[in-house]
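Subject: Structure for you to look at

Dear colleague,

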Amino acid sequence: MKDMRQSMLDAGFTLINEHGFAGVGLMKIINEAEGTKGSFYHYFKSKEHFGEILLSDYFEEHLATLESFLNDEAMTRSERVKAYFEYWATSKLTEDFHIKCLVVKLAGEISGASGKMQMVMAEGAEKVIQRMAQFFEQGNAENDFTIQNPEETSRMMYSLWLGSTLLAAMQKRREILENAMQETLAILER
């Protein structure tokens, strides 16, 4: 059986993905997790602290997934990038266009704020960008890629996928993610 802390994080992830951070009250999270106010405050100082932990855990899991794709030596480097973004396309946006990416869901809501959640989100995104840049640099060194500026390419690619996921959800058009994939593959072939 999951511990109460994880149950609350899981419930929060589901509810926040559906309603946004501001749209979910603490009691909704607590009730969904079948917890108590006391158990919530045992693990989290505040709703903001809960959000920080939720984002931190989300990025930790996302980075582990990214690593699993980038380290899969059964595929070429380009195939690894393609496989990662194919995973993104199917896991971050459901068939009925519900966003399952916490970053896409919360970026507009908390970006530009001065809170710790914004800082955790910015740091997590930067870790993803830097890991991808490192992968491109390694690929350049081994003549698998000819990417002129790996860091900027990684930043642009991450932005492309965040924005495309949001737009695909808004317009209910999966081909937006297909176009993002085509652009990604074109970048890798340059």
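Predicted model: local features only at pLDDT ≥ 70, side-chain atom pairs only at ≥ 80, totals over all residues.

Residues are numbered from 1 along each chain as its sequence is written, and side-chain values use heavy atoms, with hydrogens and water left out.

The search of the whole structure finds 2 cavities of 30 Å³ or more; a cavity here is a set of points on a 1 Å grid over the protein atoms alone where a 1.4 Å probe fits but cannot get out, and lining residues have an atom within 4 Å of a point. The largest cavity has a volume of about 40 Å³, the volume being the space filled by probe spheres set on the points, which are joined across faces, edges and corners. Its lining consists of Tyr84, Phe85, Val128, Met132, Ser154, Met157 and Tyr158, and α8 gives the most to this lining, with 3 residues (helices are DSSP runs of H or I, at least four residues, numbered from the N terminus).

The second largest cavity holds about 40 Å³ of space, and the residues that line it include Tyr58, Phe59, His62 and Trp88. The largest share of that lining, 3 residues, comes from α4.

Leu166 lies in helix α8, which covers residues 150–171, and Leu166 is partly exposed, with a relative accessible area of 37% (partly exposed lies between buried, under 20%, and exposed, over 50%, with a 1.4 Å probe and protein chains only).

Best wishes

Note on methods:
Helix = DSSP H or I, 4+ residues; strand = E, 2+ residues; numbered from the N terminus. 1 Å grid on protein atoms, 1.4 Å probe; cavity = no way out; pocket = protein on both sides within 12 Å on 5 of 7 lines; lining within 4 Å.
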